[in-house]
Amino acid sequence: MRILLVEDDEMIGEAVADGLKGEGYAVDWVKDGNSAIIALDTTPFSLVILDLGLPGKDGLAVLKDTPVLVTTARDTVNDRIEGLDAGADDYLIKPYDLDELSARIRALLRRSAGRSDPIIRRGRLTINPSTREVLFNGES
Ligand code: CA
């Protein structure tokens, strides 16, 4: 799974990118809206984590067909409604917990794949994305 992280804050970006890589995602990190648009035009992503407060282009201008989880320090109800109306699929207010971010990512990826069951089953193979456990014939 390839995730595009759009975040101009160095500390947050590094922590989130490292955390998600540690969970087994491929993470492309860009720091402004224009770079995000170029990345989305050239690379298929499973999900976008989008900071709304970006230099140059407002984060909302970046929203496309890829599932988008918006992160922002804007915490008024109107900003949240604006983000969801503009096409965001989920919303996290900063500062947020990395574990909560991971759980929301898994939920969004499940939804975009049309699955409500968190466990992936194919024949004798079972994959649990949240624990990253893989079973074949019931064995780890
Ligand atoms: Ca920002």
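Colleague: Is Gly53 buried, partly exposed or exposed?

Modeller: This is a predicted model: local features need pLDDT of at least 70, side-chain atom pairs pLDDT 80 or more, while totals for chains, interfaces and linings use all residues. Residues are numbered from 1 along each chain as its sequence is written, and side-chain values use heavy atoms, without hydrogens or water. Buried means under 20% relative accessible area and exposed over 50%, with partly exposed in between (1.4 Å probe, protein chains only). Gly53 has 37% relative accessibility, so it counts as partly exposed.

Colleague: Which residues coordinate the calcium ion?

Modeller: Donors are N, O and S atoms within 2.8 Å of the metal (3.2 Å for Na, K and Ca); water is not among the atoms, so sites may look incomplete. Their spacing along the chain is D-x42-D-x1-G. At 2.2 to 2.3 Å, the ion is coordinated through OD, OD and O, in that order, by Asp8, Asp51 and Gly53.

Colleague: How many residues apart are Asp8 and Gly53?

Modeller: Helices (H or I, at least four residues) and strands (E, at least two) are DSSP runs, numbered from the N terminus. Asp8 sits in the loop between strand 1 and helix 1. Gly53 sits in the loop between strand 3 and strand 4 (68-72), so the chain separation follows from the numbering: 45 residues.
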